[in-house]
Amino acid sequence: MASLKDATQLTEGIENLVNDLRSELEDGDVDFEKLVSLSDQISERADALAETFSSVNDALMQRIDEVRSGGSNRSGSRSKKQKAGSRS
């Protein structure tokens with residue numbers, strides 16, 4: 001199962017790219033093509049990370065809406081079966 005710790009690992013690549021960008025800027029010998037490339041990579045990874053979080057949020061909200069509206073609730077049916085089994 002994925003966790004927030006796993007999500008933290010996803011940001012490490014972005015951090016490394018930002019550090020590379022910072023180093024390139026502070027170096028004094030600025031290579032604008034490299035700056036463009038690093039910036040594009042940061043943007044692409046940040047977008048992918050945002051899409052991942054958005055997908056997870058959508059899935060959770062959909063599940064919450066299903067539970068609130070009385071839709072298919074697997075855990076609820078399991079609880080009923082467990083209660084019925086404990087009565088026998």
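How much of the accessible surface of the protein belongs to carbon and sulfur atoms? The accessible surface comes to about 7,400 Å², and 51% of that belongs to carbon and sulfur atoms. Keep in mind during the tour that this is a predicted model.

**The whole chain**

The secondary structure comes to 3 helices and 0 strands. Followed along the sequence, the pattern reads α-α-α. The protein has 88 residues, of which 11% count as buried.

**The core between H1 and H2**

Next, select Ile-14, Leu-17, Leu-21, Leu-35, Leu-38, Ile-42 and Leu-49, and show their side chains. These 7 residues form the largest nonpolar core. Helices H1 and H2 each supply at least two residues of this core. The largest share, 4 residues, comes from H2.

Ser-43 is placed in helix H2. How far apart in space are Ser-43 and Ile-14? Their C-alpha atoms are 8.8 Å apart, while in sequence the two residues are separated by 29 positions. Ser-43 counts as partly exposed because its relative accessible area is 37%.

Phe-53 lies in helix H2. With a relative accessible area of 41%, Phe-53 is partly exposed.

Is Asp-29 buried or exposed? Asp-29 is exposed, because its relative accessible area is 63% and the cut-off for exposed is over 50%.

**Two salt bridges**

Side chains of opposite charge can pair when their charged atoms come close. How many salt bridges does a search of the whole structure find? The search finds 2.

For one of them, select Lys-34 and Glu-24. Their side chains meet in a salt bridge, at 3.7 Å from N to O. This pair links distant parts of the chain: Lys-34 belongs to helix H2 and Glu-24 to helix H1, and the two are 10 residues apart.

Then select Arg-63 and Glu-66. The side chains of this pair also meet in a salt bridge, with an N to O distance of 3.1 Å. Both residues lie in helix H2, 3 residues apart, which is about one turn of the helix. Arg-63 is partly exposed, with a relative accessible area of 30%. Glu-66 is partly exposed too, with a value of 26%.

**The nonpolar patch**

For the last stop, switch to a surface view and select Val-56, Leu-60, Met-61 and Ile-64. Which kind of surface patch do these residues make? They make a nonpolar patch of about 330 Å². One of its members, Val-56, is placed in helix H2. Val-56 counts as partly exposed because its relative accessibility is 44%.

Note on methods: Residues are numbered from 1 along each chain as its sequence is written. This is a predicted model: local features need pLDDT of at least 70, side-chain atom pairs count only at pLDDT 80 or more; totals for chains, interfaces and linings use all residues. Side-chain values use heavy atoms; hydrogens and water are left out. Buried means under 20% relative accessible area, exposed over 50%, partly exposed in between (1.4 Å probe, protein chains only). A nonpolar core is a set of buried Ala, Val, Leu, Ile, Met, Phe, Trp, Tyr and Cys residues joined through side-chain atoms within 4.5 Å. A salt bridge is a side-chain nitrogen of Lys or Arg within 4 Å of a carboxyl oxygen of Asp or Glu. Accessible areas come from the Shrake-Rupley method with a 1.4 Å probe; for residues, only the protein chains shown count as cover. Patches are made of residues with over 30% relative accessible area and no salt bridge: like charges are joined within 9 Å, nonpolar side chains (Val, Leu, Ile, Met, Phe, Trp, Tyr) within 5 Å.
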